[in-house]
Amino acid sequence: MTVETSTVTVRKPIGDSDTEAVTVSVIISSYNAREVLRDCLQSIYQNPPAEPYEIIVVDDASTDGTSEMVTARFPAVRLRINEINRHYTPSNNRALDEARGQYVCLLNNDTLVLPEAFDRMLAFLRERRDAGAVGSRLLNEDGSIQWSIKPLPDFGAALFGGRSIIFRMFPHNRVSRQRMLHLKRDMVEPFAVGYVSGAAKMMPRRVIDEIGYLDSRMFYHVDADYCKRIAEAGYKCYYLPTAAVIHLNHKGGTMVSPRQRFRSLLSFHVDCYVYYCKHIQRSAWNPMRIIIIGGLAAHFLCLLAVQAAGEFVGLRRRLSYLKRLAG
């Protein structure tokens, strides 16, 4: 099926009423990001899988006209609307319940799919039966490569990871850069990694059915948790540099206000503790948990101070700009 636009001929996704078999289900959860989601969907229409596919969008109780936009501009998209804001993981799990594809691609709403990205991920999963998930190369808006592949979380991540105090003060330190796995590769051949970002990640449906859905308790560590479970089931997670997707990081509606950014900071540290209890220290109780709680609390307070300072500086700049306009 195709649809004509003024600039390009594109393949339409399979809608709710169609009975054609689906190869790829593309799942997108979205909250108050109408324009970003519109561009994402248009990029899929322009660069779709070569095989039959569907798009499932879960509108997470948006108030900006997201659902109306999807219905008007992309009627073939399977739209589901949450009556209340359920957040990222439950929304994706709702779509997983309805996905009909042999392969499932989780896609952030703030992404732009580039040519052949879906087809290359699909071909890779078919060739590698040991692959439980494959992630695309993620690009920043300027074309540079995002740091989207890392080892699974451990104590080293707390000291030198992307959200550590050390990394924020010394972003080019050798230990942190060693944790950015793409820096050691030629970015041509695929390779196994600890975990891949869920911004653009494709998985065989059979693997999802085996290990279950996303952990609804998590947001920030849901990718690491899922890849850890994939590894425990005997599969590998791969990074595929030849499949590329632009990721407009933090433009998807969850980090647009200071309140949401502060809540996000708290959520990150809570998720760290959930991941620790689930995968690192699984006993019901251990003295190490007290140390971990104290360390996370101290880390949170330090980053909270940094965040508050950044928000204050940003506010002063905006006020100064408005003053210049008024003067």
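**Figure 1. Salt bridges in the predicted model.** The count of salt bridges comes to 16. The structure shown is a predicted model.

Figure 2. Glu35 and Arg38 are three residues apart in helix α1, so about one helical turn separates them. How accessible are the residues in this view? Arg34 has a relative accessibility of 32% and counts as partly exposed. Glu35, at 34%, counts as partly exposed.

**Figure 3. Arg78 and Glu98: a salt bridge between distant parts of the chain.** In the salt bridge between Arg78 and Glu98, the closest N and O atoms are 3.4 Å apart. The pair links distant parts of the chain, since Arg78 belongs to strand β5 and Glu98 to helix α3 (residues 88–98), 20 residues apart. Is Arg78 buried or exposed? Arg78 has a relative accessibility of 6%, so it counts as buried. Glu98, at 25% relative accessibility, counts as partly exposed.

**Figure 4. A network of salt bridges that includes Arg78 and Glu98.** Salt bridges link Asp16, Glu54, Arg78, Arg80, Glu98 and Arg100 in a network.

**Figure 5. Tyr45 and Phe74: an edge-to-face aromatic pair.** Three aromatic pairs are found in a search of the whole structure. One of them is formed by Tyr45 and Phe74, whose ring centres are 5.2 Å apart and whose planes make an angle of 65 degrees. Where in the chain do Tyr45 and Phe74 lie? Tyr45 is in helix α1 (residues 34–46), and Phe74 is in the loop between α2 (66–73) and β5 (78–81), so that the pair links distant parts of the chain, 29 residues apart. Tyr45 has a relative accessible area of 6% and is buried. Phe74 is buried too, with a relative accessible area of 2%.

**Figure 6. Phe124 and Tyr238: an aromatic pair between a helix and a strand.** The ring centres of Phe124 and Tyr238 lie 5.1 Å apart. Their planes are at 65 degrees, so the pair is edge-to-face; the cut-off for that arrangement is over 60 degrees. This pair links distant parts of the chain: Phe124 sits in helix α4 (residues 117–127) and Tyr238 in strand β13 (residues 236–247), 114 residues apart. Are Phe124 and Tyr238 buried or exposed? Both Phe124 and Tyr238 are buried.

**Figure 7. Gln146 and the backbone of His247.** Gln146 is in the loop between β8 (131–139) and β9 (149–150). Its relative accessible area is 8%, so Gln146 is buried. Along the chain, Gln146 and His247 are 101 residues apart, while their C-alpha atoms are separated by 8.2 Å. What is the distance from a polar atom of the side chain of Gln146 to the backbone oxygen of His247? These atoms lie 2.7 Å apart.

Conventions. Residues numbered from 1 in each chain as written. Predicted model: local features only at pLDDT ≥ 70, side-chain atom pairs only at ≥ 80, totals over all residues. Heavy atoms only, no water. Phe/Tyr/Trp six-rings, centres within 6.5 Å; stacked < 30°, edge-to-face > 60°. Helix = DSSP H or I, 4+ residues; strand = E, 2+ residues; numbered from the N terminus. Buried < 20%, exposed > 50% of the residue type's maximum accessible area, 1.4 Å probe, protein only. Polar contact = N/O pair within 3.5 Å; in protein donor to acceptor, adjacent residues only side chain to side chain. Salt bridge = Lys/Arg side-chain N within 4 Å of Asp/Glu carboxyl O.
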